[in-house]
Amino acid sequence: MNGILQTFLVLGILLYFFILLFLIKRRTLLLKYTLLWIFSGIIMLIVAVFPKIMISITHFLGVVEVTNGVFALILFFMLIILMSITSIVSNMKEKNKQLIQKCALFEKRIRELEEIIKN
Amino acid sequence: MKKLIIIPAYNEEKNIKQVADNLIHNYPHYDYVIINDCSSDHTQNILENNNYNYINLPVNLGIGGGVQTGYKYALQQGYDIAIQMDGDGQHDPKYLEEVIKPIKEGKADIVIGSRFIEKDGFQSTVLRRLGIKFLSNLIKLVSGIKVKDVTSGYRAVNRKFINIYAKEYAQDYPEPEALVNAAMHSAEILEYPVIMSERLGGESSISPFKSVYYMIKVSMAIILYRITFDKRRLK
């Protein structure tokens, strides 16, 4: 990794953190779901500031070019975040279904109550 | 002064009857509400058969959402003081009078029943105590408030914080974060020494496996909450 790439990486990650904090501050992101973003950001920042860590890891893994190692790392984080989003959405889907079902059951009970009151 | 005890209950079929009966018979001048967080055991049957005052959540929300429902109810019914108390029998209502005394006298906004002031009774494991101590120091660092038992779910709040918590309450592991929130709203927080017993039955909400994850998550949540809290929003 040369100096220019390193500088832009660090700047990019700082922008990433700025947007993240801005969104949390605006309360458009739930804290719970941003922890993974923050965690990946910190790791990327460490790698960008101390590229030697990445150099030895990529060497160990047999990756020729260090920048490829950095891309692979970012891709890895993206996959993890996508997986967690899938799990969050599935969870929400399930709870939404339960809510609709209970709502329908309540509606039926209210209808029956109304019938009783009418008669 | 109207006082409400909020009891969050998730799968507490073994304990909830004892907890509720004790309150009804021995502390009749307190109102109570049990929040059944979509329990999968017989908690709901017990609540129904005994004619307790309870709210059934149609979907499981977790402890934060459950407790917040209690605060919303307290706000709607116009209560002056709300007291949170676990549904598992760990919290002895005999301290109620003393815990709410500073709130009645206007000396505090929030009072926390703390295990660690007189170091008596059930003290939890060494590791967990260390974790709580760390969180306590972290909260002191970011918000300046000194609370020893930051994870205690035995707490009383005045009307101002019934309002605030009804609108905004942390969802996952809410006790420490709710304290930082309170500090941001410049709360006067006091601790009162209580003796907690070990759970009567059932399981704790935090398993040892999750503990490390819990610590990291809560620490980051506290720090982020502090960084991103916009004091201008209060005006």
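Where the two chains meet, 11 residues from chain A and 12 residues from chain B take part in the contact; two residues are in contact if their C-beta atoms, placed from the backbone, lie within 7 Å. On the side of chain A that touches chain B, α1 (3–25), α2 (31–49) and α4 (66–118) each supply at least two residues. That side of chain A divides into 6 nonpolar, 1 polar and 4 charged residues. Here Ala, Val, Leu, Ile, Met, Phe, Trp, Tyr, Cys and Pro count as nonpolar, Asp, Glu, Lys and Arg as charged, and the others, Gly among them, as polar.

A few words on reading the model. This is a predicted model, in which local features need pLDDT of at least 70 and side-chain atom pairs count only at pLDDT 80 or more, while totals for chains, interfaces and linings use all residues. Residues are numbered from 1 along each chain as its sequence is written, and chains are lettered from A and ligands numbered from 1 in the order in which they are written.

## The two chains

Chain A has 4 helices and 0 strands, in the order α-α-α-α along the sequence. Chain B has 8 helices and 7 strands. Helices (H or I, at least four residues) and strands (E, at least two) are DSSP runs, numbered from the N terminus. With a radius of gyration of 17 Å, close to the 18 Å that the globule rule gives for 235 residues, chain B is as compact as a globular protein of that length. For chain A the value is 24 Å, whereas a compact globule of 119 residues would have one near 14 Å. The radius is taken over C-alpha atoms, and the globule rule is 2.2 Å times the number of residues to the power 0.38.

The C-alpha trace of chain A spans about 85 × 30 × 15 Å along its principal axes; for chain B, the C-alpha atoms fill a box of roughly 50 × 40 × 35 Å. Buried residues make up 10% of chain A and 44% of chain B. A residue is buried if 20 or more other C-beta atoms lie within 10 Å of its own, exposed if 12 or fewer, and partly exposed in between.

| Helix pair | Angle | Axis distance |
|---|---|---|
| α1(A) and α2(A) | about 165 degrees | 10 Å |
| α3(B) and α6(B) | about 130 degrees | 8 Å |

Axes are lines fitted to C-alpha atoms, for helices over the stretch in contact, and angles run from 0 to 180 degrees between N-to-C directions. The pair α3(B) and α6(B) is oblique, whereas α1(A) and α2(A) are roughly antiparallel. Angles under 35 degrees count as roughly parallel, over 145 as roughly antiparallel, 65 to 115 as roughly perpendicular and the rest as oblique.

In chain A, the residues of α1(A) that meet α2(A) include Leu9(A), Ile13(A) and Phe17(A). The residues of this contact divide into 14 nonpolar, 3 polar and no charged.

Ala182(B) sits in helix α7 (residues 174–184) of chain B. Is Ala182(B) buried or exposed? Ala182(B) is buried, because 23 other C-beta atoms lie within 10 Å. Leaving aside neighbours within four places in sequence, Ala182(B) is in contact with Ile110(B), Phe161(B), Ala187(B) and Ile189(B).
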